[in-house]
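This report describes selected features of a protein model, from strand pairing to backbone geometry. Please examine the sequence and the structure shown below before reading on.

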Amino acid sequence: MGSLFRSEEMALCQLFLQSESAYTCVSELGELGLVQFRDLNPDVNAFQRKFVNEVRRCDEMERKLRYLEREIRKDGIPVLDTGENPEAPMPREMIDLEVKFEKLENELKEVNSNAEALKRNYLELTELKHILKKTQVFFDEAMYPPNLPYDQDVYFDDEERVNLLTDSSLHQLKHIGFVAGVILRERIPAFERMLWRACRGNVFLRQAEMDDPLEDPASGEQVYKSVFIIFFQGDHLKMRVKKICEGFRATMYPCPEAPADRREMAMGVKTRLDDLNTVLSQTQDHRHRVLVSAARNIRAWMMKVWKIKSIYHTLNMFNLDVIQNGLIAECWIPVANLEDVQLALRRGTEKSGSLPAILNRLSTHEAPPTFHRTNKFTKAFQTLIDSYGVATYREINPAPYTIITFPFLFAVMFGDVGHGIIMALFGGWMVWREKPLAAKKTDNEIWNIFFGGRYIILLMGLFSMYTGLIYNDIFSKSMNLFGSSWHGVYDESTIEHNKELILDPGNREQYSQTPYPFGLDPMWQLSTNKINFYNSYKMKISIIFGIIHMMFGVILSVWNHRFFDRSMNIYCEFIPQVLFLTCLFVYMVFLVFHKWVWYGALGTVSQSSSCAPSILITFINMVLVKGYQDHEGEDCSPYMFAGQFGIQRFLLIVALLCVPWMLCVKPFLLHRNNKRRQLVTQANGGEGMVEEGGEAAAAAAAAAVTEELHDMGEVMIHQGIHTIEYVLGSVSHTASYLRLWALSLAHAQLSEVLWSMVLQIGLTSGGEGGSGGIVMYLIFAFWAFLTVAILVLMEGLSAFLHTLRLHWVEFQSKFYGGTGYPFVPFAFETILDQAENAVVEQ
Amino acid sequence: MLDSIFNIDNGYLEGLVRGFKNGILKQTDYLNLVQCETLDDLKLHLQSTDYGNFLANEASPLQVSVIDDKLRDKLVTEFQHMRNHAVEPLGTFLDYITYGYMIDNIVLLITGALHQRPISELMPKCHPLGTFEQIEAINVASTSSELYNAVLVDTPLADFFGECVSEQDLDELNIEIIRNTLYKAYLESFYSYCKSLGGITAEVMCEILAFEADRRAFIITLNSFGTELTNEDRKKLYPQCGKLYPDGLAALARADDAENVKQVAEFYTEYRALFEGAGNNPGEKTLEDKFFEHEVKLNINAFLHQFHFGVFYAYLKLKEQECRNIVWIAECIAQKHRAKIDNYIPIL
């Protein structure tokens, strides 16, 4: 049997590792990725474990690498992802790595601090340059008042101050002190308000915005600043103004009063700026070089560190073997891979050159983890099953059947060739571009869900195309591929004068008596009783599929019972279950087929379609044991075949008998077995008493008896729940499959509405001189958008969810336990993936 | 407020804050934390809690102050995220919470300025939730009226400042009086705001704020013994929104020593329990710790109601208590003074 049929056989093994070779062995096992280690010290705190220092060193290295990566990203240097997968380095290489990272970090830090100092210097000089330039303008205005009246300026609306400045000459300015500086632009309003309040309006502020943003040396961000100059009188005010400036983190610069001095200073600043520029670019070059060389290796380094860290995490789960100076590990290994694990261990010991590691199989009563070996195709389907519940160890796995039934049941609800093609193309594209798409790691959850289910989407699309052909639906229209079997025999005037005309299936001229070769006849598309016909057809189809699906589930449970050696379950559960389902629901399916075959347009009166009894009524009457009077002389019989009433009654009695069978037989048998066992133990215990005269055995026997009683109650309740669930379930689950019909109907109707209400408007709008084309162009876009958004995406999602439910509830409840826990092997692959995703998310 | 429409505006944030609250360290975490030998052990254990990698980017010899800063940063980030997403009236409510920090910051800066310490040195000590634009220019003021007119008039604290405007120079006692007057006005205003919100918010928050007010009244009284603060002045500092108002406060105003205070507390069941068993001897919990424990209890209770703003306040206070606990444990570890390591206030 393939491994998907049941989960793999697992073995609990004990590993004795020499302390020298433990690291290399675990490293090899990590590359192999087929071993799940058990934590042998669950009570020990993370920081009290043996290799906590190594883990901490790894954390430290990781921190340094993150710092490097941040710097690399800041400079926009591309990080090379060669896809290579370096092996975990030996423990002694760890020191080299540490030294290397330490050196790099220090170098970078030094470069950064140098650059920051230089940048700060540069910033100061630039600010000073701006101040000199802007204040020059202020002073010029003050000395040579331009023609414009000043009171237009916002800062001069105060009468008093206008006088102060317009009258000002250089002579007067000398009595007035001033402070010039630079401040963040967004702080200006508060700054101004504060100045005015604190100095009671006795200062005068002018400010001008600097056009170019400046780089903040600490954070590296671009900030906008403004130049300001404050005039005031007296030392007291000067103190205050300075305090406020400091409070608002404004930088103040000395600004000479004489114009000549200012000009000189500006020249000096300019030359110093030029010098600084060259130095700064050299530092930047150096930094760039360091980072580029680091960027080349950083991926590999990261991987190495992650690997070392995960190895030590694993080693922390091991027990210390004091006597032999080794480590003891316990792990689950798939039996099929024991050889591989042995080989990996041998490689590990060879690398370190110490004594070989020893692998012992332990016997255990513990439930092993569930491990299904999947490939990229089956993985998605297995995930669907696992999200309901991981299979109990070695029970039947529904996943292989789901591969077919899932897309099929989906397609029954989603049957439309057009929508199926869209879906299949999308799935196909994802499958085709699998590798490049998978390499692009994103944390976009929606995309990851679609991409993870690409094979499901592809299959769903293909199956929808198939059912679409059966329903003969393409964007709600039918295709006449083979020529309809129906023919109109009416002449033109009849057609023109009658709104509706009937075609008679019994008439060979109107119906050729050979059905349309594949799918539904396109003629139905035009008929007014299309919905009636479709409903009857799809409802019956749903019930048939549902019962086949459920029956299949019940039959699968045999394999479970046989595998787990529970033959009692076959006689006490499986057989009555099958009988119950057969007598009631398979019989109903039989009625459906019988009605399809037996009744028709041709043939005798009793076979005519007008005579056909309703299956629903027949079935209800069967359960109510209601008979019909068979009227003599009437051609139409309420029965479909002879002896139907007797057969129905017999089937009903069998079905009803199944209920107590399911309910009582198993608890009764268990009870009897227990009694027998008790008698045996009591007999033994009696002998023991005679021989040893001890009371312990008697006490134990008494305890066992009470336990049995307690157990029996539980078994009874459990069996009761089980039976009620099954009996009620078969009715409600059968009805539940009608969702296949309901969704299919809704889908067909919605797409028809979309066609007739949207696209038809475009198709019928004629218009002069091609204006209809433009209308059509717009309307088509609208229609196409709605088709994809509503019919494919939303309807697809809803059909998907209903299919999921049909599998989880209706199908799996018949046989699936789902109480296992998954096998999570220690594998570098998954660990690196997770770590990288964490990096991407940051 | 109608409960049914509470979630339209505040559902996301309430969910968020309840999620955050679940990340608060449990008793088992504390048991593990006190076993740590070094601060790196502490860091390693915190990594396994909701704190995650908040210390991952710090170089290895950890300082307690770094831990403290990072803890606070994390809390502030969370709070500011909530503030940014808040819709009125929750926005005002959250702003109200920050005013308390503003008062503390102002007092800190003025005291620092009195001792001739540069503002740039003091700023990192200020709580980031209580900063405002003009805060750094605070040392312009030398009297309280200047403080009001120049600095605080634009801030939300202006409303609380009305009573303390005076031409007196700022000195130690004055500052304390300003702090307590501000706090009194703040608490009373917050209290009446919560009352005006009504519903469960009022129910929960008034309980917490009433306790806060009473705690302040008790502590002011206890601290005032042996200072030059007169009983009359002291009475003006009591917030009048607690359960002690009016009789208890009047009695407190008359109290002359700690024994008198205890007698006042005797009349109130919840406070009597706090004063009993409190003491400074080893093995006894200090009154301060008792108050903290009671506060934690009230804050935990806030989470038992739904559809109210009290959870935001309670979360902040619980988290602050947790930060104090972690820092306490970290200090004990760093100073190798393990005898008192168990003196943290357990939460939950």
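Which residue in E10(A) is the bridge partner of A:Gln18? The answer, taken from a predicted model, is A:Gly326.

## Strand E1 of chain A and its partners

The bridge between A:Gln18 and A:Gly326 belongs to the pairing of E1(A) with strand E10 (residues 326–334) of chain A, which is antiparallel and extends over 9 bridges. E1(A) also pairs with strand E11 (residues 358–362) of chain A, again in the antiparallel sense, over 5 bridges. Within E11(A), A:Asn360 stands opposite A:Gln14.

In general, the strands of a sheet pair through backbone hydrogen bonds, in either a parallel or an antiparallel manner.

## A four-stranded sheet in chain A

An open sheet in chain A is formed by 4 strands in the order E4-E7-E3-E8, with antiparallel pairing. Its edges are strand E4 (204–209) and strand E8 (251–253), each of which pairs on one side only. From one strand to the next, the twist averages 25°.

Inside this sheet, strand E3 (residues 177–184) and strand E7 (residues 225–232) of chain A pair over 8 bridges in the antiparallel sense. A:Ile183 is placed opposite A:Ser226 of E7(A). Helix H7 (residues 235–247) of chain A lies across E3, E7 and E8 of that chain and runs at about 165° to E7(A).

A:Gly220 is located in the loop between strand E5 (214–215) and strand E6 (222–223) of chain A. With a relative accessible area of 36%, A:Gly220 is partly exposed. A:Gly220 and A:Leu579 are separated by 359 residues in sequence and by 78 Å in space, C-alpha to C-alpha.

## Nonpolar cores

The largest nonpolar core contains 146 residues. The residues with the most contacts inside this core are A:Phe191, A:Ile230, B:Leu42, B:Phe93, B:Phe190 and B:Phe312. Helix H16 (residues 310–334) of chain B gives the most to the core, with 14 residues. Another core, of 68 residues, lies apart from it and includes A:Met413, A:Val554, A:Met588 and A:Cys611.

Which residues does B:Phe190 touch, not counting those up to four places away in sequence? They are B:Phe93, B:Tyr96, B:Ile97, B:Met205, B:Leu209 and B:Tyr313.

## The second largest pocket

Rolling a probe the size of a water molecule over the atoms shows where empty space is left. The second largest pocket holds about 1800 Å³ of space. Its lining comprises 41 residues, of which A:Trp486, A:Pro505, A:Trp524, A:Asn529 and A:Phe533 lie nearest its centre.

Helix H17 (530–563) and helix H18 (567–598) of chain A each supply at least two residues of this lining. The most is given by H17(A), with 6 residues.

## Loops and backbone geometry

Most residues other than glycine have a negative phi, and most peptide bonds are trans. A:Asp565 has a positive phi, near 60°, and is not a glycine. A:Asp565 occurs in the loop between H17 and H18 of chain A. Is A:Asp565 buried or exposed? Its relative accessible area is 66%, and because exposed means over 50%, A:Asp565 counts as exposed. B:Gln116 likewise has a positive phi, of about 60°, although it is not a glycine. B:Gln116 lies in the loop between H5 and helix H6 (119–122) of chain B, and is exposed at 68% relative accessibility.

Cis peptide bonds are found in chain B. One joins B:Glu88 and B:Pro89, with omega about 5°; B:Pro89 is in the loop between helix H4 (64–85) and helix H5 (90–114) of chain B. Another runs from B:Tyr245 to B:Pro246, with omega near 0°, and B:Pro246 is in the loop between helix H11 (231–237) and helix H12 (247–254) of chain B.

B:Thr155 is in the loop between helix H7 (144–151) and helix H8 (158–161) of chain B. B:Thr155 has a relative accessible area of 7% and is therefore buried, the cut-off being under 20%. Leaving aside neighbours within four places in sequence, B:Thr155 is in contact with B:Phe132 and B:Gln134.

Note on methods:
Residues are numbered from 1 along each chain as its sequence is written. Chains are lettered from A and ligands numbered from 1 in the order in which they are written. This is a predicted model: local features need pLDDT of at least 70, side-chain atom pairs count only at pLDDT 80 or more; totals for chains, interfaces and linings use all residues. Side-chain values use heavy atoms; hydrogens and water are left out. Two strands pair if DSSP finds at least two bridges between them. Axes are lines fitted to C-alpha atoms, for helices over the stretch in contact, and angles run from 0 to 180 degrees between N-to-C directions. Contact means heavy atoms within 4.5 Å. A nonpolar core is a set of buried Ala, Val, Leu, Ile, Met, Phe, Trp, Tyr and Cys residues joined through side-chain atoms within 4.5 Å. Buried means under 20% relative accessible area, exposed over 50%, partly exposed in between (1.4 Å probe, protein chains only). On a 1 Å grid over the protein atoms alone, a cavity is a set of points where a 1.4 Å probe fits but cannot get out, and a pocket is an open set with protein on both sides within 12 Å along at least five of seven lines; lining residues have an atom within 4 Å of a point. Grid points are joined across faces, edges and corners, and a volume is the space filled by probe spheres set on the points.
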